[in-house]
Amino acid sequence: MNDVTIVDARGLSCPAPAVAAKKAMKTQGSGRIEVLVDSGTAQDNVTRLAEGAGWKVTAEDLGGGGCKLTLEK
Amino acid sequence: MTGLKGFFSSRWGPIATGVVVGVLAPILVKLGNPGNMGICAACFTRDIAGALGLHRAGVVQYIRPEIIGFVLGALVASLAAREFRPRTGSSPFIRFFLGMFAMIGALVFLGCPWRAYLRLSGGDWNAIPGIAGLVVGVLIGVVFLKMGFSLGRNRPAPKALGWAMPLLMVVFLAFLIFAPQFGRDAEGAATGPIFFSAKGPGAMYAPLLFSLAVGLLIGILAQRSRFCTIGAIRDLAILRDAYLFWGVVALIVAAAITNLALGQFKPGFADQPVAHTNTLWNFGGMVLAGLAFTLAGGCPGRQLFLSGEGDADAAVFVLGMLGGAFVAHTYSTASSPAGVGAFGPIMVVVGLVFCLVVGLTMRERRT
């Protein structure tokens, strides 16, 4: 249950960040996933998909346009 | 700002963008743009290529302010939202050729995905095989994405790189307003480029300021809502996510209603504006375009918006589209209302082979 998966989706074109996050959510099922993104689009897409799948999403600004999304379920 | 941001990242963002495009595009036609071509990222980029002298098809030469507005609108929106982020390094050279072949495919059909939807909503049923081809092209791209296709990661770049594309658009705007003549004929008299069509679709345009304002508005809305006519199909297929899909549905419905209201809805296959009735190559051209757009991560509109928010790889894709316009109208691959070009079908096959090789061989390197 305490597994933490880290998905580094920085610099990837659409739809790769969302696909990678979705894959991690499916593989892990529950627990904690950290997704690193660096575009507003990727942040929006990952957040929407995760919340739609019942995960709680918190965003932490890493500066320089980067952002760490923590997904918990 | 939070409320507005929330609105645009909600499901209503793409829908609002689609409605605005769907209403304004037919109005642009009413005010002078070519039939069912209120907005077309491919045709309009092709017209710009013609105005610059990259091709000499005299009927399709005009600097389209809508395209300039798309980039500058996205620039303004991304600056306001602190999302302007210069970046590059994700296979720009491959993206150039994806842009080129996407353009070549789109000009076999005679329209980008935006215009495919707008043609449908104007009653041009030739758009149906085009959209079917688009869906097939996107689905082939989705297969590659599922197999791990990637053009690699981009990296943050110096600020100046992000400003290059918006600056180029300002130069284009100056060319449009001042119409300089850079050419000299045998007697030394000034001539184009810059070229402006005296007849044909290139001579049909809405008033400059209105077109520019519409472009800016759509650029702003689309940057905020991530509106993408390729992502609409792609995300539904690969993520079961209909966020962008409803934006395209909204576009089609709003445009159909507006066309009906303006008396511009003319159902049928024959005699449609800037269209031909070759079903096979309406389909085939868009398979190529759909696949190339999917491999590059978005539709031509989206590439323009991304280039406005600092994505230099998307800017290279747009330059590839200008290159595609050069090929299409110089090497006889572009269709015309008379039918497909002499080398259109073979070039579509060449483009498909290129995309298949790219799709099968490009993978992200493990670091």
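Which residues touch the most other members of the largest nonpolar core? Keep that in mind as we walk through this predicted model, where local features need pLDDT of at least 70, side-chain atom pairs count only at pLDDT 80 or more, and totals for chains, interfaces and linings use all residues. Residues are numbered from 1 along each chain as its sequence is written, while chains are lettered from A and ligands numbered from 1 in the order in which they are written.

**Stop 1: chain A.** Select chain A and colour it by secondary structure. You will find 2 helices and 4 strands, where helices (H or I, at least four residues) and strands (E, at least two) are DSSP runs numbered from the N terminus. Along the sequence they follow the pattern β-α-β-α-β-β. The C-alpha trace spans about 30 × 20 × 20 Å along its principal axes. Of the 73 residues of chain A, 48% count as buried; buried means 20 or more other C-beta atoms within 10 Å of the residue's own, exposed means 12 or fewer, and partly exposed lies in between, with C-beta atoms placed from the backbone.

**Stop 2: where the chains meet.** Show both chains and pick out the contact, to which chain A gives 18 residues and chain B gives 22 residues. Two residues are in contact if their C-beta atoms, placed from the backbone, lie within 7 Å. On the chain A side, α1 (16-28) and α2 (40-52) each supply at least two residues. The largest share of that side, 5 residues, comes from α2(A).

**Stop 3: chain B as a whole.** Now hide chain A. Chain B has 15 helices and 4 strands, and its C-alpha atoms fill a box of roughly 60 × 45 × 45 Å along the principal axes. Buried residues make up 60% of its 367 residues. Among contacts between residues at least 6 apart in sequence, 81% join residues at least 24 apart.

**Stop 4: the core.** Back to the opening question: of the 144 residues in the largest nonpolar core, B:M103 and B:A292 touch the most other members. Such a core is a set of buried Ala, Val, Leu, Ile, Met, Phe, Trp, Tyr and Cys residues joined through C-beta atoms within 7 Å. Centre on B:A292 and, leaving aside neighbours within four places in sequence, look for its contacts with B:L98, B:F101, B:A102, B:G105, B:G351 and B:C355.

**Stop 5: helix α15.** Select residues 344-361 of chain B, which form the 18 residues of α15. From first C-alpha to last this helix reaches 26 Å, close to the 26 Å expected at 1.5 Å a residue, the expected span being 1.5 Å times one less than the number of residues. Which of its residues are buried? They include B:G344, B:M347, B:V348, B:G351, B:C355 and B:V358. These cover an arc of only 105° around the axis, so they sit on the same side of α15(B); the arc is that of the directions from the helix axis to the C-beta atoms. Turn to the other side to see exposed residues, among them B:I346, B:V349 and B:V353. The buried residues of α15(B) pack against α5 (92-109) and α12 (279-296) of chain B.

**Stop 6: B:P65.** Finally, select B:P65, in helix α4 (residues 65-80) of chain B. Is B:P65 buried or exposed? B:P65 counts as buried because it has 27 C-beta neighbours inside 10 Å. Beyond its neighbours within four places in sequence, B:P65 is in contact with B:L176, B:L208, B:S211, B:L212 and B:G215.
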